[in-house]
Amino acid sequence: MVKNPVFLASLVLAFLFYSGTVKIKNRHPFVTLAPESKIIRLEGAITSNPVKSSFFGNSYKVSFTASKAYCASGVFACMGETNLFIPADFVEAYYPGKLYSSLKTQSGKGLLIENGAEFSFEVEKIDKKGMKNAFLVQDGTFLGWKGNVVLKKFFRFRSLCRLQFKRLMFAWGNAGGLLLALLSGSREYTETVVSDGFRNSGLSHILALSGMHLGLFGSIARFFGKKAHGRNAGDAVQLLAILFFVWFAGLSPSLFRAFLAALILYLNSLFRMNRPDGLALISVCFIIHVIIFSNHVFEPAFMLSYASLAGIIIFSKMFRKVYPVFIPHSIRLSLSDSTAAQCATAPVSIAVFGKIAPIGIIASLFVSPLVVLFLYAGLFGIIICLVMPFLSVPFHAIMNGLYVLIKRFVLFFEHFS
């Protein structure tokens, strides 16, 4: 491990960033000649998925790349990214089961808030500690989609796909809400008690889009591709499926890390190279990730994702020797991995959340296999129901049965946190 140059390079980078020796600057800082407190309207494009936020009552947070800033005194050019908080009734107007009878937008319509959409927003500067360059949206007008003709169609198609998927999952009730969170990162329909239960019982990593979700989706595609045309076709189909998943769900820090690993392993298999060991692979991913998205470095999802994987790779074998040999091998392996991940992520959890949940070591033994089964059943059910819609009723019952079981386990382990 110490002799691994790639690991040492990633370790040095991590030390430089987290010790404060090297400062990470925003590559796209929000810059304008207009006094920020006087800005009343911004024009530009949304550059992230909308994320539910508890700030300002009920709202969604998005990243927004501005091109024009309007003040009472005139129009000012501006550039860079800022954060916008958009009222939920604007965003959810097109969501199933969340239709609002009266909207506050001047047009009387909701806003299709998705990555790539261009808007003119009436805003108010947020004067709150820790929220630099953040605005609260008062009203908005849709201007179209950014980019050339091809990109416009690309962004529009993606937004409509995500909206239709929400409608499909809504028909499956609470089970659809959990499956929506697991496959797209959207948690609008996840029960609050379940979402809080996952967090309090040390199972937040299951809800966060990561390698598990990407791996399940890719493995299904690889199975069918390999059955049809062999190994090369299987690898290619797997990569295409992974690209589709990332395109659909968006690039969260943990998902981008998993995508980098999958891409490296695909190229490795394509050129028949020796498979890299886990520590070298995660180290290469870390270095590439930092170069491309340096702004991810201090996000909790980034730190937890890399710390947990590094912990499993480095410490899992040690914990396997600690647990008694009379425990079945598969259970001992799962316990060792969970313990290693918990130990490695403990400093991050304490710094970010102010606590750790050791019960997650045991909870993972019961909840993780159920969630994997839930995901497989959900993916299979989606395909079947699209082809044979009349089967949606029995699949609805099956998925909600699995959901109730997952919920009961999660809430049970929450009591021990």
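Let me begin with a term: a residue is called buried when its relative accessible area is under 20%, exposed when that area is over 50%, and partly exposed in between, using a 1.4 Å probe and protein chains only. What we have here is a predicted model, in which local features need pLDDT of at least 70 and side-chain atom pairs count only at pLDDT 80 or more, while totals for chains, interfaces and linings use all residues. Residues are numbered from 1 along each chain as its sequence is written, and side-chain values use heavy atoms, with hydrogens and water left out.

I will start with the cysteines. A disulfide is taken to be a pair of cysteine sulfur atoms within 2.5 Å, and by that rule the count is zero. C78, for instance, has its closest cysteine sulfur in C71, and because 9.6 Å separates the two sulfurs, they are too far apart for a bond. C78 counts as buried because its relative accessibility is 9%, whereas C343, at 43%, counts as partly exposed.

Next, the helices, which, like strands, are DSSP runs numbered from the N terminus (H or I, at least four residues, for a helix; E, at least two, for a strand). Helix α13, residues 360-387, has 28 residues and spans 38 Å from first to last C-alpha, close to the 40 Å expected, where the expected span is 1.5 Å times one less than the number of residues. Where does α13 bend? The bend, of about 35°, is at F366, with a proline, P369, following within four residues; the angle is taken between axes fitted to the seven residues ending at a position and the seven starting there.

K407 belongs to helix α14, residues 392-414, and its C-alpha lies 9.0 Å from that of V193, although 214 residues separate them in sequence. L255, in helix α9, residues 253-270, counts as buried at 0% relative accessibility, and its C-alpha is 9.1 Å from that of S305, 50 residues along the chain.
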